[in-house]
Each structure stands twice: as structure tokens, then as C-alpha cells.
Amino acid sequence: MLSFVAQRVVKGVVVLLAIVVLNFFLIRLAPGDPAVVMAGEAGASDQVFVQQLREKFGLDKPVPEQLFIYVKGIATLDLGFSFRQQAPVAKLIAERLPATLLLTLTAFAISLVLGIAFGTFAARFAGTFLDTGITIFALIFYAMPIFWVALMGILLFSVTVDWLPSFGYETVGANLTGFAHVVDVAKHLIMPAMTLGLFFMATYTRMTRASMLEVKRLDFVKTARAKGLSDAVIQRRHVLRNALLPVVTLAGVHAGTLIGGAVITETVFAWPGIGRLMYDALLQRDYNLLLGVFVTCSVMVLIFNLITDLVYRLVDPRIEFAA
Amino acid sequence: MSKRVLLGLLLACGLSASALAQEPKTGGVINAVIQPEPPGLMLAMIQNGPTQMVSGNIFEGLLRYSPKLEPLPELAESWTVSEDAKTYTFKLRKGVTWHDGKPFTAADVLFSMEMLKQTHARARTNLAQVDKIEAPDDYTVVFTLKQPFGPFLGIFEVGSMPIVPKHLYEGTDWKTNPYNNAPVGTGPFMFKEWQKGSFIRLVKNPNYYEKGKPYIDEIYWQIIPDAAARSVAYETGKVDVLPGGSVENFDVPRLSKLKDTCVTGAGWEFFSPLAWLWLNNRQGPLADKRVRQAIMYAVDRDFAKDVIWNGLGKVATGPSSSAIKYYTDDVKKYPYDPAKAKALLKEAGYKGEKIRLLPLAYGETWQRWGEAVKQNLTDVGMNIETISTDVAGGNQKIGDWDYDIAFTYLYQYGDPALGVGRNYISSNIAKGQVFNNVEGYSNPEIDKLFADGAIATPDSKRKEIYDKAQKILVEDVPVAWMLELQFPTIMRCKVKNLITTGIGVNDGFKDAWLDK
């Protein structure tokens with residue numbers, strides 16, 4: 001298993017390098033010059049000023065040289081400097097990482113637990129009202145755009161009944177500490193985490209249900225039943241476990257994209273995470289920051305892919321690690 | 001040398017007289033929205049709108065400006081101008097300290113000017129008129145100009161000319177100086193905390209030189225990126241102040257009707273944002289003056305004002321906003337007249353060539369305006385294709401002259417020499433840059449008028465020159481002027497004296513107090 005992990009890490013580094021180079025060029029293909037954006041914001045744009053900014057950004061150097069400088073930096077874990085935000089990129093990302101992880105991991109847990117539970121119920125009671133109800137519920141959340149669900153949530157829970165705060169990570173100016181602070185953050189977390197979680201939940205519900213119905217028809221389930229095992233044991237140990245493989249695959253893919261995938265949720269709820277940092281960096285053509293976020297996301301995808309492979313083995317012992 | 005003394009102090013007293021009608025109360029916290037999140041707070045190095053809105057509380061300029069744009073004292077307590085209008089002597093306020101306790105002196109002003117020349121594009125352009133700056137003593141600064149420059153007293157507001165602490169910046173690498181992230185100024189509020197993506201917290205400067213001020217204990221600038229969520233934050237009482245432009249315009253009437261809500265359009269006199277359509281004068285049908293005039297007649301600007309901007313603002317009559325100096329409305333008029341537009345297009349021989357229209361990617365209001373203008377132009381027979389981009393992509397296209405019609409709005413900074421001429425003089429035609437003369441209009445007479453206007457004395461002479469320039473421009477229609485924009489500030493009525501100068505919310509909350 002160790003050699004498997006080692007091999008995957010080496011492959012991961014190669015993939016990462018390819019991602020960096022590709023993104024480096026892709027970003028520069030987008031029209032819009034960061035120096036002009038900044039000059040525009042300054043309400044002035046004389047030639048000297050724009051040229052000064054280009055020099056500051058290092059944009060006056062030839063593109064291959066810019067790439068070399070950037071890759072060299074990454075090799076020493078230096079993600080560069082954001083001139084727009086006047087701070088090292090790594091620091092900017094690190095500041096936002098905890099909020100993003102809190103939101104996305106909570107949403108991920110909600111979606112996975114609820115999705116698998118609902119999917120299992122739906123499969124168990126396939127064709128009944130319960131199944132139809134769950135399927136419709138899941139479809140509704142899958143079909144509705146996240147920003148719409150978010151705004152409706154705000155309208156209902158913040159404006160109409162005033163149970164939950166509409167924006168932010170904590171109550172600004174309350175200066176709470178200890179348990180009170182935890183409760184405060186949790187209150188702020190509920191709506192964004194549910195909004196994001198319910199969307200993904202729908203996918204897991206549908207997938208678990210379909211996968212379980214498929215597995216249920218297989219011979220080994222009949223055998224188990226013939227052996228006289230109880231229905232609950234068959235569902236849990238034989239059907240669900242075998243049905244989970246595609247769900248794990250999907251969850252692995254989702255988990256990797258969680259870091260950057262919450263742009264809309266973070267924007268509507270003013271959640272101070274990386275998704276928004278990335279969005280702002282994109283609009284401002286803050287190349288270094290944008291690349292830094294991409295690199296971070298890529299690393300997360302690679303890590304979660306590795307974890308997925310390891311979880312496969314736990315779910316299905318027949319899968320071997322091919323070194 | 002006889003001196004003309006401007007009694008700024010008297011003006012300041014007049015200003016606070018209205019405040020005294022009700023005795024200000026001390027204490028309390030103001031929660032305001034800041035949109036978008038500023039990239040940094042070091043005003044001398046970053047000059048975008050949100051940076052000034054927050055940092056205008058931390059830093060100060062030598063002067064402020066009344067709603068009528070008369071200079072008021074800030075770090076300079078008085079000033080004199082020599083008879084030849086080339087020497088400006090500022091007497092600085094004594095007893096002012098930086099937030100770290102060090103005294104503020106003329107050396108800080110001299111250092112700031114040197115720094116701004118390198119980091120602040122607008123300041124550099126303005127300071128290009130200056131031959132030398134000297135400090136005969138710790139509390140006197142003398143600017144000697146190369147030639148008289150009419151708007152010189154109008155360039156010292158905090159956003160245009162912030163004064164920075166020499167002792168913290170001299171000899172350091174400015175761009176990585178740690179004080180960029182924890183700025184130290186002389187202003188009424190001190191930087192305390194910035195939770196990126198959440199809020200910026202400023203606290204009262206207990207040693208502020210104006211006794212009793214500021215009245216407010218703390219300001220929280222809340223960062224809420226979604227426009228609808230900003231409206232909700234106000235509705236649910238989480239924020240007290242929505243500075244101009246922080247909610248979509250179509251939400252303004254609804255929010256204005258909320259209980260205990262006050263709305264004001266004041267505080268934009270210095271900036272005077274004017275919206276227009278860039279018209280690419282170089283190529284295609286728009287090279288013909290008659291087509292450009294047709295556009296002026298074809299666009300229903302009253303509709304834009306009444307429906308898209310909810311009745312806020314004013315229909316523009318020409319290149320100058322009515323709030324700035326030397327404005328005249330004695331120019332050719334362009335009422336909404338589709339028939340006349342059609343006739344002019346026919347006369348110009350327009351045959352339905354495709355014309356690309358770039359709306360401004362500043363949110364829903366601007367998008368709607370883009371659609372309305374497209375409709376107006378299509379109605380008179382123009383073949384309009386809308387090109388959608390984000391702000392950076394749009395700027396690139398405009399800077400590269402790769403457009404036919406494009407929306408914009410720009411500040412005018414109180415004087416035609418500062419904020420109007422730049423868009424029409426031919427020396428400002430330079431590819432790759434936005435916000436100068438990107439329409440490519442070139443008229444030697446206009447060049448000369450703006451060059452003369454900046455240095456002419458006395459005022460009556462300047463007025464004569466700018467009257468003429470406005471007449472010529474309005475006849476030529478190098479760009480199609482739309483509206484003098486008004487960005488209303490929405491706030492709880494308990495917030496008093498929030499806006500006391502022509503710079504408005506961007507000038508800091510030093511006069512503001514809470515009636516509770």
C-alpha cells in the first residue's frame with residue numbers, strides 16, 4: 001500500500017505541474033490587463049502609471065520568464081505576491097481556508113449522510129409514496145439554482161421569521177467567546193451549509209437509490225435471503241455496501257472541488273471563504289492570487305482522489321492496490 | 001506682496017452651525033456596508049472607491065470641500081495665495097499627532113508629495129504643475145507653481161492627496177510595508193481590525209485634534225458581496241448605513257420607505273459622476289458627426305432617469321456636470337426626438353451597418369440601461385449588437401479602441417481642468433488605456449481651450465473659456481452624455497451629520513453622531 005501511495009504522490013506532482021502551466025496560460029488568454037484594471041480603479045490611467053504597475057506585477061517580462069519565476073516559486077511553496085491586495089498569496093488563502101473548510105465540510109457531511117439515508121429509504125420502499133416523496137424532494141433541490149434557494153432561505157428564515165442571520169460568519173461587533181461564539185458561528189452556518197448540502201444531497205439520494213435497486217437484483221442478495229438473513233442485515237451489509245461504490249466515486253470528485261466550488265453560496269451569504277476570493281481575483285485579473293487558488297484546489301482534488309482510492313478498498317476488499 | 005486670505009475657518013464654522021441646531025451625542029457604533037471589499041487601505045497607494053470610503057476616516061488631506069466645493073481646513077488650518085497666483089502657502093495645524101503618537105509636521109507633507117508622485121496617478125498629474133515644495137518651518141508648506149493653475153486649491157482632499165506618516169514609510173519598500181495592512185493616519189478613526197471577507201473595524205481616535213470629535217466610538221464596515229443580501233442586511237437592522245451605490249437602484253424606493261429611514265443624494269458634489277456613451281469617432285458610421293448627434297436624439301434619457309434610475313440624477317446637458325465649476329447649460333439641446341434622429345441618420349447615409357454596444361458590467365441597473373439604449377437605437381433603425389464582457393474585459397476592449405459604443409461613468413473632481421478636459425484633449429489619445437480620450441476626438445481648438453482654461457486668471461476668464469469649450473463639444477458630440485448620476489445614501493434617521501461636505505461618505509465620519 002505504501003508504494004501505491006508513493007506512486008500516486010509522484011504522479012500527483014506531475015499532474016500538478018501540468019495544471020499550473022495550463023492555468024498560467026489560460027488566465028493570460030482572458031482579455032483584460034490587471035494593470036489597466038488597477039489604473040482604472042485609481043480613476044486615472046496615464047501611460048507612466050500603467051507601465052509602473054506592469055513592472056510591479058512583473059508583467060513587463062516575457063511570458064516564459066514569468067512562468068519560470070512562478071514555477072520556481074511553487075517549488076519552494078511560495079505562491080507569489082498579490083499586488084492588488086498587497087499581501088502574499090499564501091497568507092490570503094490561509095486566512096480564508098478555515099471558513100471555507102467549515103462550510104464545505106459541513107455541507108459535505110449533510111449531503112452525504114442525508115443523501116445516503118434518503119437513498120436507502122427510497123430503495124427500500126421503492127414504488128411507494130415514501131419513495132415518490134423522497135425522489136420529488138431530492139429533485140426539487142437538484143433542479144433549483146443554488147442562488148435561488150439561498151435567497152428564498154434568507155427571505156423566509158431571516159426576513160420573515162427572523163430565526164437565522166442572513167449573512168456573515170459571525171455576529172460582527174458582538175465579540176463573543178467560548179461556547180457562545182460556537183453557537184453564533186453555528187447559527188450563521190446553518191443556511192449556507194444547508195443550501196450547499198441540499199444540492200449535493202439530491203445527487204447522492206438519486207445515486208444511492210438507483211445503485212441499491214440494481215444491487216438488490218443480483219444473485220448474492222438472493223443467496224443471502226435464502227440463507228435466512230434478516231432484511232435489515234441484507235440491506236445494510238450486502239446491498240448498501242455494494243451500492244456505495246459509485247457514491248464514493250462521486251463523493252471523491254465532489255470533495256476535491258469543494259474548496260473552490262462554493263462561490264455562489266459564499267457570495268449570497270457573505271461567507272468569507274476561498275470561493276469569493278477566487279471570484280474577486282478573477283474579476284480583477286489578479287493572476288498570482290487566482291493561480292494560487294487554482295493550485296490549492298488542484299492539490300485538494302489530488303488528495304481527495306487518493307483518499308477515494310483508499311476508501312474503495314475499505315468499502316470493497318476485493319479491490320487490490322496495484323503498485 | 002499683498003495676499004488674498006481665504007477664510008476657510010469661517011466656512012467651517014458655517015458648516016457646523018447646522019449641526020449645532022441639535023447638540024451632538026457621544027458614543028455608539030455605526031455599521032456600514034462597504035462594496036466591494038477594498039484591496040487594501042493604504043490610500044496613498046490604492047485609489048479605488050471602497051479604499052477611500054474606509055480610509056477617508058483614517059487619513060486626512062490638507063483640505064476638505066464644502067458642498068459648493070469651497071475649500072475647508074483639515075490638516076491645513078489656513079492658506080494664502082500670492083498675487084501672481086503661483087505661490088500657495090499652507091499653515092498647518094499644530095498639535096496634530098499620528099495614531100502612533102508621533103507629531104505631524106511639514107516634513108510629512110513634503111514626504112507625502114514625493115511618495116504620491118510615484119504611487120498616485122491623479123496626484124502626479126496635479127503635482128506636475130508644481131515647480132517646488134518647501135517647508136520653511138515645521139508648520140508651513142509652500143507650493144510654488146510653474147504657472148498659475150486655476151484648480152490648484154481643489155486638489156487637496158484626502159483621496160486626491162492623502163498625507164502619510166514619513167517616519168513609517170521613509171526608507172522602506174512601500175509596497176510591502178507592514179503599515180499598508182494596519183494604516184496609521186491622523187484621522188478621526190484608527191484602524192483596529194480587518195477580518196478579510198467579513199468586516200473592517202475602526203475605532204475612535206481619542207487624541208483627535210478637534211475637541212469632542214469624533215462622536216462615534218466604532219465603525220464596522222461590513223463586507224456583503226451580494227446586492228440583494230446587502231438590502232436584506234439593512235432591512236433586518238444589521239447595518240445602519242448603505243453608502244451610495246451599495247444596493248441596486250431598483251431597491252432604493254423600497255428601502256427608502258422603511259421605518260426610520262432617511263435618504264440623501266448629497267455628498268457627491270466633488271466627484272459629480274457623469275455617465276456617457278463612449279462613441280468611437282475613428283471608424284464606421286460614428287465617424288460622422290450627424291450619426292453621433294442622432295444618437296443624442298435617439299436615446300430617451302428621461303426614461304433612463306425615471307425608470308432605470310428611479311428618478312434619481314439629472315439629464316446631462318454636456319461634458320460638465322452641473323455641480324462643478326464653470327458649468328453652462330447655454331449649449332445646443334438634444335431632447336428625445338426619434339424622428340430627428342432618423343432624419344440625421346438618413347442624411348448621413350447610414351445603411352444599417354452593425355454597431356457594437358458594450359454595456360457596463362456593474363450589475364443589474366447598468367445591464368438594464370444597456371438594454372434600454374439598445375432598444376432606443378434599434379427604434380431609429382440602427383443595427384446594434386450587444387457585446388457582454390466583465391469589467392476587465394470591457395476595459396481592455398475600450399482601451400484597445402475595439403468598440404463602437406460603450407457605457408461609462410467618470411468623476412469630475414470639481415473642476416473642468418481636473419476631470420473634464422482629460423476626456424477630450426487629443427494629447428490624451430493613447431492606446432491601451434481607459435478613461436482618457438478613448439473616443440479619439442481631436443480638435444485643436446478644444447485642445448487650446450482646455451490648455452488655456454487651466455492656467456487662465458481671473459475666474460471670469462476661465463468661465464469664458466470653458467463656456468466656449470462646452471458649446472463646441474456639445475455641437476460635435478464626441479461622446480453621448482447621458483445622466484448626472486446620483487448615488488443616494490440610505491441610513492437610519494438616528495445617524496446624524498453623516499454627510500457634511502461635498503466629498504460625502506468618502507470624507508470620513510468625523511462629524512457623524514447617533515441620536516440615541
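1. Salt bridges come first. A search of the whole structure, which is a predicted model, finds 40 of them over all chains. A salt bridge is a side-chain nitrogen of Lys or Arg within 4 Å of a carboxyl oxygen of Asp or Glu.

2. One salt bridge links E37(B) and R96(A), at 3.3 Å from N to O. The pair crosses between chains. E37(B) sits in the loop between β2 (29-33) and α2 (49-55) of chain B, while R96(A) sits in helix α5 (residues 89-124) of chain A. Helices (H or I, at least four residues) and strands (E, at least two) are DSSP runs, numbered from the N terminus.

3. Are these two partners buried or exposed? E37(B) counts as buried because its relative accessibility is 12%. R96(A) is buried too, at 3%. Buried means under 20% relative accessible area, exposed over 50%, and partly exposed in between (1.4 Å probe, protein chains only).

4. Chain B also holds a salt bridge between E74(B) and R64(B), at 3.7 Å from N to O. E74(B) lies in the loop between β4 (71-73) and β5 (76-81), and R64(B) in strand β3 (residues 63-65), so the pair ties together parts that are 10 residues apart in sequence. E74(B) is buried at 2% relative accessibility. R64(B) is buried at 5%. Salt bridges with shared partners join E60(B), R64(B), E74(B), E210(B), K213(B), D507(B), K510(B) and D511(B) into one network.

5. R290(B) and D288(B) form another salt bridge, at 2.9 Å from N to O. R290(B) counts as partly exposed, at 28% relative accessibility.

6. Now chain A. Its secondary structure comes to 13 helices and two strands. Of its 323 residues, 47% are buried. Take the contacts (heavy atoms within 4.5 Å) between residues at least 6 apart in sequence: 73% join residues at least 24 apart.

7. The surface of chain A has a nonpolar patch. F147(A), W148(A), M152(A), L155(A), V159(A) and I264(A) form it, with about 510 Å² of accessible area together. Patch residues have over 30% relative accessible area and no salt bridge; like charges are joined within 9 Å, nonpolar side chains (Val, Leu, Ile, Met, Phe, Trp, Tyr) within 5 Å. Areas come from the Shrake-Rupley method with a 1.4 Å probe; for residues, only the protein chains shown count as cover. Helix α7 (residues 146-160) gives the largest share, five residues. M152(A) is in this helix and is partly exposed at 32% relative accessibility.

8. Reading notes. Residues are numbered from 1 along each chain as its sequence is written, chains are lettered from A and ligands numbered from 1 in the order in which they are written. Local features need pLDDT of at least 70, side-chain atom pairs count only at pLDDT 80 or more, and totals for chains, interfaces and linings use all residues, while side-chain values use heavy atoms, with hydrogens and water left out.
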